[in-house]
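Welcome! Please take a moment with the sequence and the 3D view before reading on.

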Amino acid sequence: MAFLFLSKPDVIAAEEATGSFLSNGITAHRGNSAEFPENTMSAFRSALQVGVDWIELDIFKTSDGEIVVTHDATTGRVAGKNLVIADSTYEELKKLDVATDFRNRHQLTLKTCPPETMPTLFEVLQLVMSQEKTRVSIQPKSNCVADAISLIQSLEADKWVGFNDGNLEYMKQVKELAPHLIVFWDRGPSTNLSEEIKIANQFGFEALVLRHDGVTPEKVLQIQNADLEAGAWTANSDADLQRLLLAGVDRIYTDRPAAALKLKAQLLKTGQLKPRP
């Protein structure tokens with residue numbers, strides 16, 4: 001591999017011993033995307049090794065009906081060559097090196113950062129289903145919720161899967177088609193929180209995830225008092241991670257999952273942060 005995995009913090013050791021899914025409140029945003037190219041199998045394998053309880057990824061549907069894992073509607077940012085996902089076949093997309101941008105930004109060589117192909121959702125689900133510590137949250141970036149759920153159910157992958165997005169219609173569709181799947185509803189930094197809590201409860205969502213710069217302890221408590229999980233997306237600096245943890249958020253989406261877990265372990269050890277009930 002191109003990079004060394006970081007050690008898992010002590011905070012999750014007891015959880016691992018139980019043999020059940022972890023519950024440490026750290027979601028690896030597009031996998032371990034600070035250390036590996038985002039939304040690639042390397043980033044997802046690393047996130048599993050780091051020990052997060054959830055991995056987050058993004059999906060689109062290709063012109064030939066494949067569900068692929070990538071964030072943008074086009075490939076130019078990550079691959080250098082620009083194709084429109086919806087207008088391209090999977091075979092066309094598979095020829096691209098989606099590690100190109102990461103390699104260039106970090107001034108890496110092909111040896112230290114080998115080429116990566118765009119994964120399919122099927123491939124990632126197979127990886128996640130090979131273990132029972134970490135689950136995967138799927139963010140539909142196009143109208144492909146029904147296709148994704150059909151795949152999930154055909155693989156009997158339900159217990160490993162949740163969904164997240166800010167698109168209310170997509171998240172409502174998840175609950176209509178598979179009410180048992182967890183939904184993390186993403187919101188902006190400045191919202192009518194009382195109204196959005198009502199909507200979340202109305203449709204059976206499990207969590208509200210605010211953009212990190214809009215999170216306050218008061219908002220966290222308001223969300224939690226409504227029997228919802230309070231989350232924050234996407235925080236990466238040490239200062240933001242600590243601020244959010246001390247504000248009492250239940251979940252942080254981050255490109256730096258190992259750093260977030262390490263910081264959380266330190267805050268728990270020093271008593272600045274209390275264990276989740």
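Predicted model: local features only at pLDDT ≥ 70, side-chain atom pairs only at ≥ 80, totals over all residues.

Residues are numbered from 1 along each chain as its sequence is written, and side-chain values use heavy atoms, with hydrogens and water left out.

- You will find Ser137 in strand E4 (residues 135-140); helices (H or I, at least four residues) and strands (E, at least two) are DSSP runs, numbered from the N terminus.
- Ser137 is buried, with a relative accessible area of 1% (buried is under 20%, exposed over 50%, partly exposed in between, with a 1.4 Å probe and protein chains only).
- Beyond residues up to four places away in sequence, Ser137 touches several others, including Trp54, Phe163, Asn164 and Tyr253 (contact means heavy atoms within 4.5 Å).

**Strand E7 and its partners**

- In strand E7 (residues 207-211), 4 of the 5 residues are buried.
- Strand E6 (residues 182-187) pairs with E7 in the parallel sense over 4 bridges (pairing needs at least two DSSP bridges), and Arg187 stands opposite Leu210 in E7.
- E7 also pairs in the parallel sense with strand E8 (residues 229-233), over 5 bridges; here Arg211 stands opposite Trp233 in E8.
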